[in-house]
Amino acid sequence: MITQTEFTLPAVPRGFHLITNQVLSNLPDLPETGLLHLFLKHTSAALTINENADPDVRTDMAYIFDQLIRENDSNYSHILEGSDDMPAHAKTSLCGNTLTIPITHHHLNMGVWQGIYLCEFRCHGGERKIVATVIG
Amino acid sequence: MITQTEFTLPAVPRGFHLITNQVLSNLPDLPETGLLHLFLKHTSAALTINENADPDVRTDMAYIFDQLIRENDSNYSHILEGSDDMPAHAKTSLCGNTLTIPITHHHLNMGVWQGIYLCEFRCHGGERKIVATVIG
Amino acid sequence: MITQTEFTLPAVPRGFHLITNQVLSNLPDLPETGLLHLFLKHTSAALTINENADPDVRTDMAYIFDQLIRENDSNYSHILEGSDDMPAHAKTSLCGNTLTIPITHHHLNMGVWQGIYLCEFRCHGGERKIVATVIG
């Protein structure tokens, strides 16, 4: 059986944000065994799974991605939407905008240290929409 | 129900290419609700989702990836297939060779600015094969 | 039908490791048509698909990722678990901890040069757990 729901995350500041509980609160009852697929409908923000405990990991992730993809490179052509825009597109393809997570015994079967991150790469990204599809 | 089809994309120059319409033209009728899974059967090209409007984004993406992973690094060992080969492998793992996209009301449920990119990282990559699996 | 199994990979040294056969040996019989979903339950190791022939590719991949994400950057805050830890988190989000692979005629339908890699980003990562879900 396949069920699907679409929900909106409120705007957050640029950075990496733990959204596991927000995602869970928007899901229907999960099947005994299955998969949850999450799809972020944007091109300047991403979804990833990473460490759910120390907030310093999220701060360092933002720093690392800013080091990887610099702003204000004079070789960029796509500059009309702000200096954070083209780097945000590139970072999005590095992290990806989609996740698939196993469901076991009606719960997400992630590791104890794993959480779902919203990676907001724009300074003013606004609300972000997710399509959640459950197969089970 | 699961249906599966395999199709070939014609050779394109090195760079990022919008292939949403090419993918759609190779799919069977889509179910009311489901998932489309795309799998590129190669290790020096990738699939990603990014901005579908301004071609400058694709040009800048190619520039950014070339900056991230340099060619002709004297520390590379895998050099027999050309200077673009090892960087192409690394770029492929950064973007990934697989995508899963929700299907809603018989259509891909992507954001209005989202398109499917073929990331061709070789100078002469040739034809590229995709396996498309529809669950619904 | 959905079947699911969880298995453990033995500890490996830091680096990129071809694990296709190890994964296959832990799977149940595969359906005629379907998808295999793999989920690594960790935040400092990743799964990716890349070249299955020349071991130099794996060596160069490790070198490239070490160049991309440097250790011992004085701007990192998350440093208590060792100099390889924060870089391992970032590399994990670059590669991703999940893969979905098409199943055709009871076999994984990968390209002839494709293999499944375990990307071990810690110096002493220990055993790694994978949840494998088969839809078909």
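**Legends: the interface of chains A and C**

**View 1. Polar pairing across the interface of chain A and chain C.** In this predicted model, the count of salt bridges between chain A and chain C is 0. Polar contacts, by contrast, join 15 residue pairs between chain A and chain C, both residues of each pair being at pLDDT 80 or more.

**View 2. Elements of chain A that face chain C.** At least two residues of the side of chain A that touches chain C come from each of strand S3 (33-40), strand S4 (45-51), helix H2 (55-68), helix H3 (85-95) and strand S5 (98-104). H2(A) gives the largest share of that side, with 8 residues. By residue class, the side of chain A that touches chain C holds 16 nonpolar, 10 polar and 4 charged residues.

View 3. Contact between the two chains involves 30 residues of chain A and 27 residues of chain C. Chain A and chain C bury about 2400 Å² between them, and carbon and sulfur atoms account for 63% of this area. A:Asp60, A:Tyr63 and A:Ile64 together provide 20% of what chain A buries against chain C, more than any other three residues.

**View 4. Rotation axis relating chain A to chain C.** Chain A is superposed on chain C by a rotation of 120° with 0.0 Å of shift along the axis, at an RMSD of 0.0 Å. This relation is therefore that of a three-fold axis. The copies use different surfaces, since 10% of the contact residues of chain A recur in chain C. A:Leu94 is the residue of chain A that comes closest to the rotation axis, its C-alpha lying at 3.2 Å.

Terms used. Residues numbered from 1 in each chain as written. Chains lettered and ligands numbered in written order. Predicted model: local features only at pLDDT ≥ 70, side-chain atom pairs only at ≥ 80, totals over all residues. Heavy atoms only, no water. Contact = heavy atoms within 4.5 Å. Buried area = accessible area lost by both parts, 1.4 Å probe. Salt bridge = Lys/Arg side-chain N within 4 Å of Asp/Glu carboxyl O. Polar contact = N/O pair within 3.5 Å; in protein donor to acceptor, adjacent residues only side chain to side chain. Helix = DSSP H or I, 4+ residues; strand = E, 2+ residues; numbered from the N terminus. Nonpolar A, V, L, I, M, F, W, Y, C, P; charged D, E, K, R; others polar. Least-squares fit on C-alpha atoms with pLDDT ≥ 70 in both.
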